[in-house]
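I opened my notebook to look up a few spots in this structure. Come along and check each one with me.

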Amino acid sequence: MLVGKRSAFSIISLEAQKSLFSSSSSAASLSAVLDPFLPATESAPQETPFSPAPLHPRSFVSALVRCRSPAEVRKVHALATTAAMIDNLGVANKHVYIYAQHGALADAYALFSRMKERDNVSWSVIVGGFVKVGYYANCLQTFRDFVRSGLRIDNFTLPFVLRACRDTVSLRLGVEIHHLVFKAGLQSDLSVSAALVDMYARCGDVDDARKVFDRMPKRHMVTWTVMMSGYAECGNPEESLALFDRMRGEGVVPDKIATVTVAFACAKLGVMHKAKMIHDYVSSWNFSLNVILGTALIDMYAKCGSADDARVIFDRMKDRNVITWSSMISAYGIHGRGREALDLFPLMLQSSIRPNRITFVSILSACSHAGLVDEGRQFFHLMERDYSIKPDVKHYTCMVDLLGRAGKLSEALELSEKMTLEKDEGFWGALLGACRIHGNAVLAEKAAKSLLELRPRNSGYYVLLSNIYANAGRWEDVAEVRDLMASRSLRKTPGWTWIEINNETHRFGVGDKSHPQSKEIYETLKVLIEKLESAGYVPDTNFVLHDIDEELKAGFLYTHSEKLAIAFGLFATPESTTLRITKNLRVCGDCHTFIKLASSVMHREIIVRDAHRFHHFNGGGSCSCGDYW
């Protein structure tokens, strides 16, 4: 509660998000509502900024506009009270608005609560003021009072309250407000519809966001961007990219923010031909590679399979911040180019950029992907010693992952026992993954138990524990885990592999025969397997975690989605074409061996993006990961 004579309301702060609001169109529209009270010209002398003419509302409003602090607003407020002008609705509204603009919500609400007369502008100003400083509970309560006042809700107040629902992820309340929108007949209003799309999308309900979006008679750039961002965030980047194409088809020219959004969606999808298209668009419109756009393109290229293209963007940028440097370090890291990632660190320091927490997460992750154990230890200690950055749970997670992959499970466990921070899902997941690699079923059970307490509905953890039991031949434990999954109605996430062919993406599942060219795919796969077996390939049936005979296990392995995608790519593209495939899960050990041999025997470069990193098979019988993933 704010105390003092002016405090008439208990204000509950939920952490202001001032930077997001300060340039909002809603704030500008409120200013436009109040501007008619301003005099036609303003030429008040510098030495007497608060000298309104007696009994003239416009003079007080003009003085308020020149205020630079709450203290100055209070002086005008005192003069208006003395001159009996504070009861003028326009003067009072402007006072509340200027108080809110300066973040003096206690003063704003104290005046608002004493106003003898209030109109829609009054309510919009105070509701918007609460949103501006992040007092969402007060915003929503005041809006309820507004609805009860009997005044008709309008297109000024609704965007503010919908923003409060968005920022607090209050979908249920947002739906209730949507009902009020229909009752008020404002469903066709552009600003209200845009706020509804934003609210639904940020609350994760992209289906309802799209329904509102499709009904809008006209859409501005912000609405297109919000809808594209909603799809990308909610795991449907394909639709985000489709919307980008549709927007351009309707003659809407994307701005930098929209381009950053679609670059993010492209990074999620990992489709190189789309990445090139977005880059070409940036070049055709001569967009400067500022920090935000340039960093987005670096991330996009890195996650679409080309650290080299990411580096080209990085080198062309005139200005780089710590996020840009961290993104480039991370780009090298996920491609297994750990040494190049670490080489960037001294260059960053020479550029007078101080590393932050994100930088060290990127560095430690790069060390983990490349097996640079000693270097990882050095950076882990360096961050606190030289930069006063205390390791958080993400840094510990990277270290556990690094040590666990290197087979140093005892050191990883010792580090985790020294850790005073609360262990999260990522930490236990890294430990469980290390146990999977090295077959430590005892420690795996401990990690899995902690994970299932944190995320009892995540089927992946049950499957991972089941696989560890299967590798150890503990089939009764495997059956128990699967029975537990069945009792909780959980299903294993299906494995999918996507491949780009002629700017189109094709998807395959294990044993998939739904593709129109399925016959040719299986014929090509049969020939390929024969060639690989002649070169020494033997299917590793340890990666088929079922208690069945070896022949059936080999059959399962031969139809893994990665193998089907590669077979399709081999007959559908010219011999020199690089094959780019994406797997939603971790590539299994047998498929990794299979792809290395296929790349060598068929003389093809094959780039694989799995759930953890990139694998580059260059035709020489090796992988960029060094068999370390």
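Entry 1: I am working with a predicted model. I found S352 in the loop between α20 (338–350) and α21 (357–370). Its phi is near 65 degrees, which is positive although S352 is not a glycine.

**Entry 2: an asparagine between strands.** Next I looked up where N502 sits. N502 belongs to the loop between β1 (496–501) and β2 (504–509). I noted a phi near 50 degrees for N502, again a positive value in a residue other than glycine. The relative accessible area of N502 is 65%, so I wrote it down as exposed.

**Entry 3: a histidine in a helix.** Then I turned to H592, which lies in helix α32 (residues 589–602). H592 has 2% relative accessibility; the cut-off for buried is under 20%, so H592 counts as buried. Which residues does H592 contact, if I leave aside neighbours within four places in sequence? My list reads V587, H615, F617, C623, C625, D627 and W629.

Entry 4: Last, I checked the UniProt record, an unreviewed entry. I found residues 119–153 to be 74% helix and 0% strand, with end C-alpha atoms 10 Å apart. For residues 356–386 I noted 90% helix and 0% strand, and the end C-alpha atoms lie 12 Å apart.

Technical notes:
Residues numbered from 1 in each chain as written. Predicted model: local features only at pLDDT ≥ 70, side-chain atom pairs only at ≥ 80, totals over all residues. Heavy atoms only, no water. UniProt positions renumbered as here; feature names shortened; annotations may be inferred. Helix = DSSP H or I, 4+ residues; strand = E, 2+ residues; numbered from the N terminus. Buried < 20%, exposed > 50% of the residue type's maximum accessible area, 1.4 Å probe, protein only. Contact = heavy atoms within 4.5 Å.
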